[in-house]
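Trainee: I would like to learn how to read helix packing, domains and a ligand shell in a model such as this one. Could we go through the features in turn?

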Amino acid sequence: MKKRNQKLRNLLQMTFYRLKDTDNLKRIEITSAREKSTLQVDPENPRYLLAEKDRISREELREYLEQQLAGIEKATVKIIERGSVVQLKILPGDVKMEINTQDEPAQHQKTPEYGTRQDFIRAGEAEELLKAVGIMSPEGQIKADKRRKFYQVDRFIELIDEIIEEQPDKGKITILDCGCGKSYLSFVLNYWLTEKKRMPCKVIGIDDNADVIASSRKIQKQLGYHNMEFRQGKIMDFHSSSDIDMVLSLHACDTATDEALALGLHLESKYIIAVPCCQAALHQKIDFNQWKPISKHNIFHNRLADIFTDGLRAAALEAYNYRVSVVEYVSPLETPKNIMLRAIKGYNQPGARGKYQELKENISGEIPLENFLKTLDYRNND
Ligand SMILES: C[S@@+](CC[C@H](N)C(=O)[O-])C[C@H]1O[C@@H](n2cnc3c(N)ncnc32)[C@H](O)[C@@H]1O
């Protein structure tokens, strides 16, 4: 028994050492012939666990478990964290450890034809999350009216995963979701990075709508996603004392796409990824004279203007030394707002600034993205 208890101590020490810098622990379940008990992470402070009568700090946890298990012949202890379960089988003379993770290599799909694509996030594995955010019904089905949103979020994450995979440095990443709305993207991305990729991350959502921020905070608490933060406010008023590595926006409406792009540039974010929603700001300012025979048709005018607007955004990012890829992130049948700009910092492309300046000559008046960036830079220097 003495030898067994020593082994138990070592295994607990090892397990909690691995968890010491994260808030990924969810609960601990102890099952013995005598009783079944659960230690839940305190939703108010993830550094504490709540037992029936005790509140135990992370630092006290190993000793607490050793005491609970000292005189017990046989028991099972499950240490459940986000994305994995450590199981300790305690026998009279030994302790056996088993680790189960959900790690599986990501399956990127090069040609996601509508209707043939496999979900990137496996709904069955992400049940708790998908139910909490309201994408899945309590019976475990993706809700009919949320199928489209799930597909969009799923595909968005697949495309983020592609560019993260390209990078050699996969250290901790801080992500800002601009105009996060109900935060489907933020939650599912957090799940993917933390539980499947095992990549430490912090995800911040900002939205000026108080209701969506309140509901996101409620879901965050329910899920115990301690590495998230939701702020109510304007994108342009966002401040952070620490670096932001990735700025996202998905269908951020009105001027919010340009605000998000400007903020990404201002913060010198390594990645800027946007699926624009509105392209209307430049429509009447673009000089289409050289394509008059085409642009005289209203539909062509609008489509040209949309493409020109997003093209100008991509060129602006290139002028600021980002490498930009433009993809149709979902089928146009899904949503006409299906263009994704993916930009990665640190690629100086000779001539990019000049080409951007040339493009701008087709615009009369001010360019929103530039105006927002000027405002942010000015405030910073003030
Ligand atoms: C169409 S919703 C998209 C929400 C979410 N990204 C999604 O795809 O489900 C756009 C969101 O942007 C927010 N928004 C628009 N302009 C904003 C701004 N300037 N600052 C912060 N949030 C803004 C709105 O409140 C709204 O929740």
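Trainee: How are α7 and α11 oriented to each other?

Mentor: Before that, note that this is a predicted model, in which local features need pLDDT of at least 70 and side-chain atom pairs count only at pLDDT 80 or more, while totals for chains, interfaces and linings use all residues. Residues are numbered from 1 along each chain as its sequence is written. Helices (H or I, at least four residues) and strands (E, at least two) are DSSP runs, numbered from the N terminus. Axes are lines fitted to C-alpha atoms, for helices over the stretch in contact, with angles from 0 to 180 degrees between N-to-C directions. Angles under 35 degrees count as roughly parallel, over 145 as roughly antiparallel, 65 to 115 as roughly perpendicular and the rest as oblique. Here helix α7 (residues 256-266) and helix α11 (residues 368-381) pack at about 45 degrees with axes 8 Å apart, and they are therefore oblique to each other.

Trainee: Which residues of α7 and α11 make the contact?

Mentor: Two residues are in contact if their C-beta atoms, placed from the backbone, lie within 7 Å. On α7 these are Asp258, Glu259, Leu261, Ala262, Leu263, Leu265 and His266, and on α11 they are Pro368, Leu369, Phe372, Leu373, Leu376 and Asp377. For classes, Ala, Val, Leu, Ile, Met, Phe, Trp, Tyr, Cys and Pro count as nonpolar, Asp, Glu, Lys and Arg as charged, and the others, Gly among them, as polar. The contact of α7 with α11 accordingly has 9 nonpolar, 1 polar and 3 charged residues.

Trainee: At what angle do α4 and α5 cross?

Mentor: The axes of helix α4 (residues 147-166) and α5 come within 10 Å and cross at roughly 50 degrees, which makes α4 oblique to α5. In this pair, Lys149, Val153, Phe156, Ile157 and Ile160 of α4 meet Tyr184, Leu185, Val188, Leu189 and Trp192 of α5, a contact with 9 nonpolar, no polar and 1 charged residue.

Trainee: Which residues come nearest to the ligand?

Mentor: A residue is near a molecule if its C-beta atom, placed from the backbone, lies within 6 Å of it. Of the 20 residues around the ligand, Gly179, Gly181, Asp208, Asn209 and Ala256 come nearest. Two or more residues of the shell are given by each of α5 (184-196), β9 (201-207) and α7, and the shell divides into 10 nonpolar, 4 polar and 6 charged residues.

Trainee: Where are the domains in the protein chain?

Mentor: Domain bounds come from an automatic or database domain assignment, which here gives domain 1 (2-101) and domain 2 (127-381). Their centres, taken over C-alpha atoms, are 41 Å apart, and 9 residues of domain 1 are in contact with 9 residues of domain 2. On the domain 1 side, the touching residues are 3 nonpolar, 3 polar and 3 charged.
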